[in-house]
Amino acid sequence: MFKAAINAELLRDAIAALAVIVDEVRFKIKPEGISVKAVDPANVAMGIFELGSSAFEEYSADESEIGVDLNKIMDLLGIADKSDTVRMELEESNHKLLIDVGGLSYTLSLLDPSTIRAEPRVPQLELPAKVVLNGADLRRAVKAAEKISDHLLMGVSEDTFYMEAKGDTDQVRLEMGRDQLIDLKAGEACSLFSLDYLTDIVKPTNKVNEVTLSLGKDFPIFIDFEIANGAGRISYLLAPRIESD
Amino acid sequence: MNGTLCIKCKGKGLCGRPRCPILEKFKTLQSIAPVISGNSVFGASPPAIFVGSYGYPRVSAGPLIPPLAKESEAPAFEEPAAWANMQIEDIISLRSRMVRANTNFHVKDAQGKENPLLIKAQELALSRKPVDTEAWFFKTPKQELKFDAVLTPMGPSGLVKNFELAENPKVPKKVDYLAYDTDALAKDAVLELYKGDIPAEHITRLLSIGLLGKARKIVPTRWSITAVDDMAGKEFADRIKDFPWVSEIQLFSGTHFGNHFEVLILPRAYSFELIETWLPKTVWSGESSWIAEDSEGYEGKKGYSTLAGGYYAARLPVLEYLTEIKRQASVFVLREITPDYWAPLGVWVVREGMRKAMQNPPKKFDSLEAAVSDLAGRVRTPEAEWIQQAKLLSDFRFQTTLDFFFRS
């Protein structure tokens, strides 16, 4: 059993954040909330998504798992008003999700979860440096890098967090000291990431006040932020490019 | 002449000249085209149909008829797979023997049923085997040859008063069924024919003469060739995404009419990249060499490739191979065009050349470096000149995957 109601904008932002990683996901539904862990087809980026029951206006659920085509949900939420309430109810017997929003009633066919890649293991990484910054600053640095290069170097040197992109002829660098950051834990960190992935991943952070980045040397980056006033969170793990051989 | 522009344009007229100077050079070959006497032509059409793109949406189209050709010899005129051991000039002279019996149509004529010449051309297009055809021209067709980057060379042409099929076409069941199914989308019909082992030339013929799809239209041959390559390729790409990755690095190579192919299959999620290197003195390159790249990621290609029809023709055979072995891979193709490719033969050279390369036993490697150095040894363009454009190889070499960090 699963029956819930939630603000349309909140749900749309949360689904959009997941959709940058994969098109089809398994949602884990539990009495305390819903969650997803998914990796992209190339095994380079992972998305971890948790939305607690308190993020919902109404919520009641038993344990179950459903397979969802995110693009379909995005399409129908795209028509909804930001302030609309989305009401969802699972019809387990015929694998349908009933969705009521803005006076429209959708019957969404679910996917068989066994046809979707299983939930990945999350690697346990020890990432020495931690940076907390405004999401818009992160997005701006990534946008600037895109104009010049395919990759972005991110690192911490003493009390400074830096992002740097080098193209064939040009380069761009953004440095942020402690006073420009919300928080900084210094440590040895310097890793290169593909902008193909980063561009999509930082899109949802634009509206977020506090984004936490955990970094190491030639190690994946862990990007983490809260949604729904702390009732949910989204995290990404992105594998680095290692060019020194 | 600007060599770079010529390679991109391949005779489409981007330089503003009324005629392509490169294609004009081949006019000297006209002596090999047959001289036609009288105003009628009779022979077995392979079958072959041609639809021009000039003047679109008012186009000229009609059957290709090799005068006096017997039924037994006719199929060879339209079967690239059978030309593997011929010389370029032999192919040109073979193709130039076919006379094009043109009629002017509007592309939307395919939606009505009233044009008798279109109906006859469609009947011919349906056939799997040669059909004896007779055409009566207004004027004796001129001795001439026509070349194009996408199209196979063609001989004389003329406007017809009328043409008749002298026997009934032999129509495969699947073709018959889909030609009368006006509810199936062209895309779905093409795939079903492809799965039913109908040759690509036959599907192109059906699509171009307006026999497939819901809203039917006559489609210029050069567009329908690439449309068929693209539609079939997209379908196979979607299918292989459900398969596990190949287990090792494989390298295929082969040469076809001065086009050398190196095909590298890498154990990663699906992506495809083609690099073309044109050596100096090939048909389009003039005195300088030219290198270009185009690629697609897991989600496939959006928009039309900058490498035009050759991109789709190169992609299809690899996808056929991966579908057959039920594996997914990241595919890198290097196509080097040497001066031996001195006349444009059409995009089938790429498709057949790739198929030929994929039939050779692959070499297997433990590392990308070893595979690239082996590959580079067979290519005349220095590695430093093309490797920096090979985005897919750089991703494979440097982009780690998350499972790499599970070891600790």
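The model is predicted: local features need pLDDT of at least 70, side-chain atom pairs count only at pLDDT 80 or more, and totals for chains, interfaces and linings use all residues. Residues are numbered from 1 along each chain as its sequence is written, chains are lettered from A and ligands numbered from 1 in the order in which they are written, and side-chain values use heavy atoms, with hydrogens and water left out. Chain A and chain B bury about 1,800 Å² between them. Over all chains there are 37 salt bridges and 15 aromatic pairs.

**Interface of chain A and chain B**

- The size of an interface is often given as the accessible area lost when the parts come together.
- Of the buried area (accessible area, 1.4 Å probe, that two parts lose on being put together, summed over both), 60% is on carbon and sulfur atoms.
- In chain A, Pro41(A), Asn43(A) and Arg241(A) lose the most area to chain B, together 29% of what that side buries.
- Contact (heavy atoms within 4.5 Å) involves 26 residues of chain A and 16 residues of chain B.
- Nine residue pairs, both residues at pLDDT 80 or more, are in polar contact between the chains. A polar contact is a pair of N or O atoms within 3.5 Å; within protein, one must be able to donate a hydrogen and the other to accept it, and residues adjacent in sequence count only if both atoms are side-chain atoms.
- On the side of chain A that touches chain B, the elements giving two or more residues are β4 (45-52) and β18 (232-238). Helices (H or I, at least four residues) and strands (E, at least two) are DSSP runs, numbered from the N terminus.

**Salt bridges**

- A salt bridge is a side-chain nitrogen of Lys or Arg within 4 Å of a carboxyl oxygen of Asp or Glu. The rule finds two across the interface.
- Lys391(B) and Asp196(A) meet in a salt bridge at 3.2 Å, N to O.
- A salt-bridge network links Asp196(A), Arg241(A), Glu243(A), Lys391(B) and Asp395(B).
- Lys207(A) pairs with Glu9(A), with the closest N and O atoms 3.4 Å apart. Lys207(A) lies in the loop between α4 (195-202) and β16 (211-215) of chain A, and Glu9(A) in helix α1 (residues 8-19), 198 residues apart.
- Lys207(A) is exposed at 59% relative accessibility, while Glu9(A) is partly exposed at 24%. Buried means under 20% relative accessible area, exposed over 50%, partly exposed in between (1.4 Å probe, protein chains only).
- Asp230(B) and Lys234(B) form a salt bridge at 3.1 Å, N to O. They are four residues apart in helix α8 of chain B, so about one helical turn separates them.
- Asp230(B) is buried at 17%, whereas Lys234(B) is partly exposed at 42%.

**Aromatic rings**

- Rings of Phe, Tyr and Trp (its six-membered ring) pair if their centres lie within 6.5 Å; planes under 30 degrees apart count as stacked, over 60 as edge-to-face and the rest as tilted.
- The structure holds 15 such pairs. In one of them, Trp83(B) and Trp348(B) have ring centres 4.9 Å apart and planes at 80 degrees, so the pair is edge-to-face.
- Trp83(B) lies in the loop between β3 (58-65) and α3 (88-96), and Trp348(B) in helix α10 (residues 348-359), so the pair ties together parts 265 residues apart in sequence.
- Both Trp83(B) and Trp348(B) are buried.
- Ring pairs link Phe272(B), Tyr304(B), Tyr311(B) and Tyr312(B) into a cluster.
- The charged end of Lys301(B) sits over the ring of Tyr311(B), 5.3 Å from its centre. The rule requires NZ of Lys or CZ of Arg within 6 Å of the ring centre and within 35 degrees of the ring normal.

**Helix α7 of chain B**

- Eight of the nine residues of α7 (residues 200-208) are buried. Among them are His202(B) and Arg205(B).
- The cover over the buried residues of α7(B) includes α4 (116-126), α5 (173-179) and α8 (221-240) of chain B.
- Just after α7(B), Gly210(B) takes a positive phi of about 80 degrees.

**Backbone features**

- Most residues other than glycine have a negative phi, and most peptide bonds are trans.
- The bond from Pro46(B) to Pro47(B) is cis, with omega near 5 degrees.
- Tyr56(B) and Pro57(B) are also joined by a cis peptide bond, with omega about 5 degrees.
- His95(A) has a positive phi near 55 degrees and is exposed at 54%.
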